[in-house]
Amino acid sequence: MNVIARSLGLTWVAEYDHEHDRAASALSGFWLFMMSDLIIFGLMFATYVTMLTPMSFAGGPTPKELFELPGAALETAALLTSTYTFGMASLAIKFDRGLGKVKSWLLITLALGLVFLALEIREFAHMVAEGAVPQRSGFLSAFFGLVPLHGVHVTAGVTWLVMMLIQINRTGLTGSAKSRIARLALFWHFLDLIWVGIFSVVYLGGIA
Amino acid sequence: MSHSFWSLVFGRLDFDSLDFLKAFFHPDLNDVIVSGASWVVILGAVVTAALLTWFRLWGPLWSKWLISVDHKRIGVMYIVLALIMLARGVLEGVVMRAQQADGLHGGFVSADHFAQLFSTHGTIMIFFMAMPFLTGLINIVVPLQIGARDVSFPMLNSLSLGLTVSGAMLVMISLVIGDFSTGGWTAYPPYTEPDFQPGAGVDYWIWAVTLAGLGSTLTGINFVVTILKERAPGMTLLRMPIFTWNALCTSLLLVFAMPPLTVAGLMLAADRYLGFHFFTNTLGGNMMNYANLFWQFGHPEVYILILPAFGVYGEVIATFSGKRLYGYVTLVIATMAIGFLSFGVWLHHFFTMGQDADVNAVFGIATMLIGIPTGVKVYDWMATMFRGRIRFSVPMVYALAFMVLFVLGGLTGILLANPTVDFQVHNTLFLVAHFHNMLIPGTLFGMLAGYTYWFPKVFGFRLNDRWGYIAAFSWIIGYFLAFMPLYAVGLMGMTRRTVSYTNSAFEPWFLVAGAGAFFVTVALVTLCVQLYVSIRDRELTRDIGGDPWNARTLEWATPSPVPAYNFPVMPHIHALDAFAVAKEAGFGYQEPTSYSDIHLPGNTWAGVIAAVFGTALGFGLVWHMWWLAWLSLAVLAVSLIARALLGDRHPVKIPATEVRRQYRAWLEKVRAVTPVTRALEWDHRNCGVAATEYFEEAAE
Amino acid sequence: MLVSKIRSREDAYRHDLRGYQAGFILAAILTIIPFALVASGTFSTIATLWVIGVIALIQIAVHIRYFLHVDLSPERREELYLMLFSGALVTLMIAGMLWLLFNLHTRMM
Ligand code: HEM
Ligand SMILES: [Cu+2]
């Protein structure tokens, strides 16, 4: 059969319109998007590191003077826990533990995300009050280019999460909802992964 | 009071920004040219709108094209955009050539205007000519070559087009309202910082490039997934046509190389809008990081520009030599190697920035390495032609010119890869000659070859070949005359981006280059004539069978113009060049035993909304009309969210009986046509059905 | 081996749950160590920086394995290759960038 087919080169076979796994394609596309985003973060990190020189401090505040461990620790705790709670939501979906469970885990995740954002905004406000504004020096520009960029991503994640909660509230756990939550989960874990870089490079590296 | 109200509504826009009025207030030659250009844009828009109204085409334009998600239509729209922008880009190049031909005597263009010319020319040619052209070809061809119904994300595809269009719109608007950047297509700070260019120009550049760049990233994602996930059964990776391979590599480059541009552009925007210090002279900014980031995008970008052209040449050379591609696997490996290496050489664009010699040496050697896979490709193409049944069709003429000229340009590239040589010719016209040597015979000829080659597939009739030859030879002669002299004046020390000169030894060379510009203009006009003549005489060149060149890959196995659903049923692939194998076995046109219903995605407004509000967003940002920027951003966000919540509300279903009826009708027509041999390819007897011919290769 | 162990859905659930728990605990430990080091200031700055860097890389691997579920299994090949490819590219870009810009920096001093 195979031999014959090869010499035909090409055969036309009707079948149910190639039941493509839409969700799988969407997931692959999302992976690519995240990797593209990874490059953006990588370059922001590298820019930040090149700005850790006296020349780029430009006589302004240095990381040692600006950053404090407790704040960074709290933010880290909130985000890391939220990644775990999102994992619980994913598990509840995968093993059909009921809509209620999914919703409550997602709500906890949402709350933790909001806590993270609140902590971060408080930190920025504090810095601005001290005169550590991005216009002050190249170093501060790089800081405010990198860390709030992550914050904007978290904000997008939070918005998306709210939308998903609305969707599953209205329609239940449909295929489309599941596939979207799977992508959102990836995004959320990815943001935590970036945060590992931020607390290591910016906060710990700056204070050490 | 009234002033602050004005600025609330119009930001920093005022009457002096209106270019089309300039000629009336300061009537000197330079301003007449500036105003003239903006009147051309205005009149062009008005005439187009009037014609559309007169022929009552707004309806079809809207429902068949603008809101379509059909990859072929989206591809055509990309190419239309590319051709319009090509016209503007070429004309700007010609004005610059004319200026420099008279440059010893000062010329007729002001220095500032000249700077805008090379900045828009470079930006347009790269981002709004070459990129849309190659994206359009990939859109049209790739799903057909892999036997797919459409791309993986049709709505996203439309959105990408909309973003690209909005970038192009901004560049066009800058002709009419305000000035463009004078910072070149690279926009290096600190010159592009507000201290030196406070006006709107650089902002036009930033938002045009950023919006289009976003569109390109999304296109990249779309096509990587399409190629990896939507292939027809049996189409293994190593059975993919070479153009698809190049498209895959290009798409990967888009995904990974656009981010540095986005980063550089947004950092520059932060400097300009918010007073950040990423690249400033003061307070610890580092402008060298901009060069670094820009070229981390810029070098992969040149491979984004060339790889699709390589793919076209692969298809064209194989088809018009009547042989299968020589060294297919080596070509695949070479493509992927080039793609990866292209990320490791960006520093060769600024050897002279001041780093240690050993840094330069590493990147110089890395650069030379890329010559190896590229050389492999050239040998493979030559070996494909060896003992082939070669027809010197129009695409083949482009391909042959490419092979000679591209090798020449590659050699000057190897020269430039040597830092010690580069120190001598950096920033001279030698470099300008080098990259035009790669971009015109490489990218532009490749795109034009692809345009000629696949035109019948899309529209169902061939392009006129006589005018095609005239265009091709005008391009070749024009390119040669316009750019070879630049190698000489470059070596003599003429810097690039320079409006005039005082060394009279340059003048003869510039006069020759000016003559070249004339031929280039002829080539452009010829392309328009060719299109007109081809449409007028379309009944003589009908492509009924869908296979006018006796070609090898899957896209030729389906009717021309291709139906919305591409293939009546899913093709199953059993070999490389499956269609050629099938034809040789006498099974070129088979009927499927049964059909099934076909589901297609419904139309979407995504592209139109992205184009309109993307443009508005950019315009608002450029002119500091914050309300407009916020409003557009809100509309974009809300419509994306709404679309996500609502889903595709109008999917289309084509019943199996209808598909069968259409396909049978087509087969009937094909059987009525007399097949032609390759010798009659450009004859009016060619109706798109190829007669089987046996060659040495087939007999092997 | 593993497959035969997972009999029921309940087992499968517990298996997955344990994965998340392991990831969470590992990540927590790998976060606490560097924070504690910096807070206590036991090591010299350079040594601390090295430890932070290495631990961060390990933690990233933990996240990839336990939260993003990318491992060496054949089903996850695609993502694995994609991550390796992207990782190689970012590394190349960042390393080249740091080399270049710090080189320029020293030459300007
Ligand atoms: C077809 C005829 C063309 C002509 C007559 C032409 C002419 C020119 C001229 C006169 C310049 C300015 C050189 C200088 O710096 O003094 C220039 C720059 C440039 N051209 Fe072209 N060009 C042509 C086609 C193209 C094409 C097809 C591309 C790309 C796909 C291209 C890309 C560029 C770029 C990137 C620059 C650099 C702009 C800058 O300095 O920032 N050109 N061209
Ligand atoms: Cu390069």
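This is a predicted model: local features need pLDDT of at least 70, side-chain atom pairs count only at pLDDT 80 or more; totals for chains, interfaces and linings use all residues.
1. Overall form of chain B. Chain B contains 22 helices and 3 strands. Its radius of gyration is 25 Å, close to the 27 Å that the globule rule gives for 700 residues, so chain B is as compact as a globular protein of that length. Along the principal axes, the C-alpha atoms of chain B fill a box of roughly 75 × 55 × 45 Å.

2. Extent of the interface between chains B and C. On the chain B side, 23 residues are in contact with 17 residues of chain C. The two chains bury about 1,800 Å² between them, and 77% of that area is on carbon and sulfur atoms.

3. The rule finds 2 salt bridges between chain B and chain C. One of these joins the side chains of Lys229(B) and Glu78(C), with an N to O distance of 3.1 Å.

4. Make-up of the chain B side. Helices H9 (242–274), H10 (287–321) and H12 (357–385) of chain B are the elements that give two or more residues to the side touching chain C. H10(B) gives the most, with 5 residues. Sorted by class, this side of chain B has 13 nonpolar, 7 polar and 3 charged residues.

5. Residues around ligand 1. There are 24 residues around ligand 1, of which His121(B), Trp185(B), His436(B), Arg496(B) and Arg497(B) come nearest. By class, the shell has 15 nonpolar, 6 polar and 3 charged residues.

6. Polar distances to ligand 1. An N or O atom in the side chain of His121(B) is 2.7 Å from a nitrogen atom of the ligand. Trp185(B) approaches through its backbone: an N or O atom there lies 2.8 Å from an oxygen atom of ligand 1. For Arg496(B), a polar side-chain atom lies 3.0 Å from an oxygen atom of the ligand.

7. Elements lining the ligand site. Four helices of chain B, H5 (71–101), H6 (111–145), H15 (429–459) and H16 (465–492), are the elements that give two or more residues to the shell around ligand 1.

Definitions and conventions. Residues are numbered from 1 along each chain as its sequence is written. Chains are lettered from A and ligands numbered from 1 in the order in which they are written. Side-chain values use heavy atoms; hydrogens and water are left out. Contact means heavy atoms within 4.5 Å. Buried area is the accessible area (1.4 Å probe) that two parts lose on being put together, summed over both. A salt bridge is a side-chain nitrogen of Lys or Arg within 4 Å of a carboxyl oxygen of Asp or Glu. Ala, Val, Leu, Ile, Met, Phe, Trp, Tyr, Cys and Pro count as nonpolar, Asp, Glu, Lys and Arg as charged, and the others, Gly among them, as polar. A residue is near a molecule or strand if one of its heavy atoms lies within 4 Å of it. A polar contact is a pair of N or O atoms within 3.5 Å; within protein, one must be able to donate a hydrogen and the other to accept it, and residues adjacent in sequence count only if both atoms are side-chain atoms. The radius of gyration is taken over C-alpha atoms; the globule rule is 2.2 Å times the number of residues to the power 0.38.
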